[in-house]
Amino acid sequence: MNTIIHIKNMVCPRCISAVTIILEKLHIPFSAIKLGEVELTTPLSEGTKNAFSLALQNSGFSLIDDRKSQLIEQMKTLVVDKIHHSLDELDIKWADHISEKLHLDYKYLSSLFSSVESITFEQYIINQKIERIKELIVYDELNLSEIAIRLNYSSVAYLSNQFKKVTGMTPSKFKKSTNKNRTYLDEI
């Protein structure tokens with residue numbers, strides 16, 4: 001029977017590659033790997049688990065053992081995946097999406113997230129969207145109207161207001177600034 005282990009801070013395809021390399025280097029057999037999760041073909045011995053944990057920590061990751069932390073990491077992974085790694089427009093009802101994927105009541109999940117992370121789940125989503133907006137502005141491939149559509153903002157004005165509220169500057173000012181501070185996704 002396969003064993004699922006959860007890993008904190010896996011937020012991008014390069015993270016999957018890094019964890020894959022660690023698994024292969026330690027000769028740990030696995031059948032699948034995705035953001036935040038590895039499916040092992042056999043359970044880890046205590047020694048192998050410790051070596052794996054140390055190798056993960058040296059690369060900026062960590063094993064997640066308790067159920068509540070796993071749920072929060074799964075919530076984060078679902079948000080990062082939808083906002084940063086999907087090419088589809090972000091026309092989504094987060095409460096329904098999270099509940100459906102994790103098979104738990106959204107109110108419980110939202111409350112759990114807030115109690116552990118010290119921000120609301122909704123604010124976490126907004127922060128991720130703002131980081132995505134920064135990224136798209138830096139790439140300069142889409143204008144603000146296209147960014148607003150892609151990230152499901154009702155208008156450019158709403159996007160701009162939310163961006164300014166979070167960053168302290170308008171998207172235009174951010175685009176013109178020489179210091180385009182961006183935050184690592186796993187630090188949001």
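Mentor: Let's start with a term: a residue is buried when its relative accessible area is under 20%, exposed when over 50%, and partly exposed in between (1.4 Å probe, protein chains only). This is a predicted model, where local features need pLDDT of at least 70, side-chain atom pairs count only at pLDDT 80 or more, and totals for chains, interfaces and linings use all residues. Residues are numbered from 1 along each chain as its sequence is written, and side-chain values use heavy atoms, with hydrogens and water left out.

Trainee: How many helices and strands are there in the protein?

Mentor: Helices (H or I, at least four residues) and strands (E, at least two) are DSSP runs, numbered from the N terminus. Here the protein has nine helices and four strands.

Trainee: Which residues of α5 are buried?

Mentor: They are Y106, L109, S110, L112 and F113. Viewed down the axis of α5, these buried residues fall within an arc of 160° (taken from the directions from the helix axis to the C-beta atoms), so they line one face of the helix.

Trainee: What does the face of α5 turned away from its buried side carry?

Mentor: That face carries the exposed residues K107 and S115.

Trainee: And what covers the buried residues of α5?

Mentor: Contact means heavy atoms within 4.5 Å. The cover includes α3 (67–84), α4 (94–102) and α6 (121–139).

Trainee: What happens at the start of α5, and what just after α5?

Mentor: At the start, a side-chain oxygen of D105 comes to within 3.2 Å of the backbone nitrogen of K107. Just after α5, S118 has a positive phi of about 65°.

Note on methods
Polar contact = N/O pair within 3.5 Å; in protein donor to acceptor, adjacent residues only side chain to side chain.
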